[in-house]
Amino acid sequence: MCCSIVNFDINGCNYKLPVVYGTYEKAINISQLRENTGFITFDPGFKNTGITKSSISFIDGEKGKLLYRGYPIEQIINKCSFIETSYLLLNGELPNTAQLKYFSEKIKEFNFLSQEIYQILDKIPAFYHPMGILSSLTCILTAFTDSIQEEEEDMYFNLLAKLPILSALTYRKKVGLPTDYEVVSKNNNNLDYTSNLLKMFFSVPKKSYQINPVITDALDKLLILHADHEQNCSTTTVRLLGSVHANLFSSVSAGISALWGRLHGGANQAVIEMLENILNSGGNIKKWIEKAKDKKNPFRLMGFGHRIYKNFDPRAKIVKKVAENVIQKLGISDPILELAKELEEIVLKEPYFIEKKLYPNIDFYSGIIYQAMGIPKDMFTVMFALGRLPGWMAHWKEMRLNREPIGRPRQIYIGYKKRNIH
Ligand code: ACO
C-alpha cells in the first residue's frame, strides 16, 4: 500500500512525516524530526537508515539478488569485462565500442608513477601489511596531483591506472621482485586492463610475460564481483570523506583502510587462515562450528553472514564456480577447496546458521582463487580493493553531483551532566 505521509503520536501529539519512495525501497523522511518533535532516531550500525538516494547498485537481501545500474550481476559477469563494468558504474550506461576504447586509452595515459613514490616505497619495510601500504600510498598520491584543478574525469582514469601499479609494487617488494619503472608501470603493449594488472604483478625481467587466459578470466570476474555493493562500510566511508570535500585520493585511501577490517574485506584473508587452521588441527569441522555457535567465544565462522543478504550472496555462488573451474583447469589439487565445500555443506544444515540466515558470502571462496594465482594471503584484500575502486569512485561522483550535505550523525549522550573541576 502506497502512502505519502506517515502519522504517528508522541505523548498525545500527532505528527506527520513524508514518505520517500525509491525503485524498490520506501523510507520515512525524518530530516525534520528533531526540529518538529525534539526526538532523534537511534539506529546503531545504521541498520535501518538510508543515508542517500543512489542509482548505482541495489541488493535484494531477502531474494539474494544484486543489480549494477539495473543489470543483474549474473548477466554482467557473462557479458561484460571489468573495464566495461567500471564504465557502467561510473557513467550509468554500458559503453559502445568507441566509448570503451576512449576509456581504456585514457587509463593508459596515467600508467606512470612519479619517482618520489618509488623512493617512499623503498623506505617502507616489506613486512608492513599491504593494505596499510596501499592506503598510505594512495593518500600520498594527493601530493602529486592537483586534483582540485585537475579535470574531474581525469581523476577517475588516474586512480584506475595508479591503484594497480601501487598494488603491484607492494606485492613485488614483498616477494623481492624488482620494482623499477620499466618492469612495472610502462604499458607499451596492447594488453587489456586485467592482463596488464597480472603482468605488473608477476613479470620477471628479461622474460616475456605469458598470459594465462584461465587466470585472467578468473581475475576479471573477481574484480567485477567486487566492483560495487551499495552502502557498505568502505563505500560509506568514501562518501563521508567526499561529503566534507576531501579529494578523491584521500577519500579512496580512507575506503581502503575501512575495507581492511576483518568483518569487511579483510574477511577473505581471515577465511583462508581459518580453513588452514581447521585443516592443520585435524580437520574437525564440527568442533569449529560449535566454537562459532558458542556465545562465550568471540570466534565467528569467517566468510559466513552478511548485513544485507539473508539468503545466498549471489556473488558467492559465482565465486564458488570460478574457484572450481580455476582449480580444475590449472590441474591443482587443493585440500582447502575440498574443506571449504564440506564446511559449507555442513553449515547450511546447522539450525544455528539457518535461524540466523547466515550463508556463505563473497569472501568464502575468493581466497582459494587468489591462492591458485600465486597471490599471498595478505594481498587478498588488496585484490578486493582493486575491484571495489570503480564503485567507490561512482559513489563519490554521485555524492558530489547531488551536492550532498556533510555526513554527520547525532548521538545519544550518556556521559556526565555538566560538572565542575574542584
Ligand atoms: N559466525 C557465527 N555467528 C555469526 C556469524 C558468523 N560468521 N555472523 C553473524 N553471527 C551471529 C552473531 O553472533 C549474531 O548472533 P546473536 O543475534 O545471537 O547475537 C547474529 O548472527 C547477527 O550478527 P551481527 O553481527 O549482528 O550481524 P551483522 O549484520 O551486523 O554482521 C557480518 C554481518 C559482520 C558480516 C557478520 O555476519 C560476520 O561477522 N561475519 C563473519 C565475517 C565476514 O565474513 N565478513 C565479510 C562480510 S562480506 C563483506 O564485507 C565483503
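Predicted model: local features only at pLDDT ≥ 70, side-chain atom pairs only at ≥ 80, totals over all residues.
Strands E5 (residues 65–68) and E6 pair in the antiparallel sense, over 2 bridges. E5 and E6 belong to an open sheet of 3 strands. The order in this sheet is E4-E5-E6, and the pairing is antiparallel. Strand E4 (57–60) and strand E6 (71–72) stand at the edges. Each has a single partner strand, so one side of each is left without a neighbour in the sheet.

Another open sheet of 3 strands has the order E1-E2-E3. Its pairing is antiparallel as well. Here strand E1 (5–10) and strand E3 (26–28) are the edge strands. Each of them pairs with a single strand, and therefore one side of each lacks a neighbour in the sheet. From one strand to the next, the twist averages 30 degrees.

The pairings within this sheet can be taken in turn. E1 and E2 run antiparallel and are joined by 6 bridges. Ile 5 has Pro 18 in E2 as its bridge partner. The two strands, E1 and E2, form a hairpin with 2 residues between them. In the turn, Asn 11 has a positive phi of about 50 degrees. Strand E2 (residues 13–21) is also joined to E3, by 3 bridges. This pair, too, runs antiparallel. Val 19 stands opposite Ile 28 in E3. In general, the strands of a sheet pair through backbone hydrogen bonds, in either the parallel or the antiparallel sense.

Helix H4 covers residues 97–109, 13 residues in total. At 1.5 Å a residue it should span 18 Å. The C-alpha atoms at its ends are 19 Å apart, which agrees with that expectation. At the start of H4, a side-chain oxygen of Asn 96 comes to within 3.2 Å of the backbone nitrogen of Ala 98.

Phe 103, Lys 106 and Ile 107 are buried. Seen down the axis of H4, the buried residues fall within an arc of 100 degrees, so they line one face of the helix. Thr 97, Ala 98 and Lys 101 lie on the other side of H4 and are exposed. The buried residues of H4 pack against three helices: H3 (82–91), H7 (152–175) and H9 (193–202).

Terms used. Residues numbered from 1 in each chain as written. Heavy atoms only, no water. Helix = DSSP H or I, 4+ residues; strand = E, 2+ residues; numbered from the N terminus. Expected span 1.5 Å × (residues − 1). Buried < 20%, exposed > 50% of the residue type's maximum accessible area, 1.4 Å probe, protein only. Arc of directions from axis to C-beta. Contact = heavy atoms within 4.5 Å. Polar contact = N/O pair within 3.5 Å; in protein donor to acceptor, adjacent residues only side chain to side chain. Pairing = 2+ DSSP bridges. Axes fitted to C-alpha atoms, helices over the stretch in contact; angles between N-to-C directions.
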